Amino acid sequence: MPNDPTRSHLVAMKGDGFYNRHSAMQATGIAALLSLWETACRTVVVGEGPLTIVDYGSSQGRNSMAPMRVAIKTLRFRSGPSVPIEVVHTDLPSNDFSALFEALVSEPGSYMNDASDVFPSAIGRSYFEQLLSPQRVHLGWTTWALQWMSATTIEAPDHILAGMSATPTVVSAVKEQQARDWERFLTLRSREMRPGAKLLAGFTARTATVTGWEWLLGELWSAVCDMRTDGRLSEREQNHLTIPIGLRTLEEIQQPFIQAENFADLELEHLDLVKLTDPCWEQFERSGDALAFAKHHGDMTQAWCGPMIASLIEPSREQAALVTELFTRFERRLSECPRPHEPYMAAVVLSKRA
Ligand SMILES: C[S@@+](CC[C@H](N)C(=O)[O-])C[C@H]1O[C@@H](n2cnc3c(N)ncnc32)[C@H](O)[C@@H]1O
């Protein structure tokens with residue numbers, strides 16, 4: 001059922017805590033969102049009783065610690081020391097939830113350190129379904145997830161990322177899918193949010209002309225093409241290697257809110273595009289170690305797309321060996337021409353009509 005968004009064929013990030021250890025780029029984006037998030041936590045309508053914070057697309061949890069700490073601290077300040085606060089992490093069923101629960105116990109920055117009356121839990125289900133009962137959520141947080149499309153049906157013959165293809169039919173299929181997914185996500189979240197609730201979303205986006213991923217993912221695609229040239233992948237396999245990610249412009253994100261002031265009772269409070277700096281570049285400039293720089297980027301890239309790439313290779317082939325070979329070739333390419341990787345992130349704040 002590849003077109004049914006509730007039955008996602010997506011696979012989660014690389015397990016055994018690999019994503020937690022290799023997601024510094026995403027952490028850089030999260031740091032840039034914290035002041036917007038703190039404002040949302042200060043202005044959300046809280047009322048009486050237990051408070052619910054939901055972290056949509058949490059992965060293995062390390063990057064959620066800082067925003068959850070900010071939310072708990074701000075809500076505690078507003079609602080008193082003993083109001084129960086529940087933190088619900090959600091992700092795909094294939095997510096490494098064990099790493100998340102382990103991080104809650106052992107991460108030095110865990111929001112559970114010295115916390116009282118804080119109750120973490122997790123839901124392993126796509127957020128293209130309603131995940132919580134109506135009007136339960138006070139605060140929603142989601143970072144680096146909404147660029148993933150709900151369906152894996154688009155094949156790009158000219159790029160590894162669906163959203164970076166220049167093929168006109170692919171470009172329009174991605175735009176349509178991303179518009180449908182965005183509206184569906186907003187509608188479902190609105191049902192779960194209480195009146196006056198807030199939702200912050202940060203995800204990979206683009207300007208009208210650039211994505212910021214041209215160098216990094218251009219090299220990954222070139223590594224795929226090298227494997228095709230060397231007979232390691234067939235043309236069919238090369239075409240099938242399409243990561244179901246699309247990058248929206250700010251206009252596309254704004255689209256549901258253009259006709260009326262709100263969409264599904266949600267108001268768009270804030271929207272802008274943030275250009276990130278490369279967390280590995282400064283170290284490379286100091287050390288000049290191109291191999292280490294390439295390894296950092298290779299691991300960070302493999303952390304988010306390695307399992308998806310493996311799943312796009314026929315099970316009858318040596319999936320793991322082919323993925324290892326692809327990333328070895330990718331890192332070699334990166335080390336030959338290091339550049340700063342500076343992607344764009346959309347920062348979106350929504351509020352539910354009070
Ligand atoms: C790059 S990780 C981001 C993790 C973390 N939020 C961060 O900022 O580092 C993207 C996460 O979104 C999840 N994801 C993608 N599509 C999803 C869906 N339809 N439902 C739930 N989670 C999804 C992935 O499984 C993955 O864990």
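## Second largest cavity

The second largest cavity of this predicted model holds about 50 Å³ of space. Its lining consists of Met25, Gln26, Trp213, Leu216, His297, Met300, Thr301, Trp304 and His341. Two elements, α2 and α10 (290-311), each give two or more residues to this lining, and α10 provides the largest share, four residues. By class, five lining residues are nonpolar, four are polar and none is charged.

## Largest cavity

About 480 Å³ of space lies in the largest cavity, and 35 residues line it. Nearest its centre are Met13, Trp144, Ala145, Gln147 and Trp148. The lining takes at least two residues from each of α2 (24-43) and β4 (137-143); the largest share, three residues, comes from α2. The lining comprises 20 nonpolar, 12 polar and three charged residues.

In total, the structure holds three cavities of 30 Å³ or more.

## Terms and basis

A cavity is a set of points on a 1 Å grid over the protein atoms alone where a 1.4 Å probe fits but cannot get out; lining residues have an atom within 4 Å of a point. Points are joined across faces, edges and corners, and volume is the space filled by probe spheres set on them. Helices (H or I, at least four residues) and strands (E, at least two) are DSSP runs numbered from the N terminus. Ala, Val, Leu, Ile, Met, Phe, Trp, Tyr, Cys and Pro count as nonpolar, Asp, Glu, Lys and Arg as charged, and the others, Gly among them, as polar.

Residues are numbered from 1 along each chain as its sequence is written, and side-chain values use heavy atoms, without hydrogens and water. Local features need pLDDT of at least 70 and side-chain atom pairs count only at pLDDT 80 or more, whereas totals for chains, interfaces and linings use all residues.

Technical notes: On a 1 Å grid over the protein atoms alone, a cavity is a set of points where a 1.4 Å probe fits but cannot get out, and a pocket is an open set with protein on both sides within 12 Å along at least five of seven lines; lining residues have an atom within 4 Å of a point.
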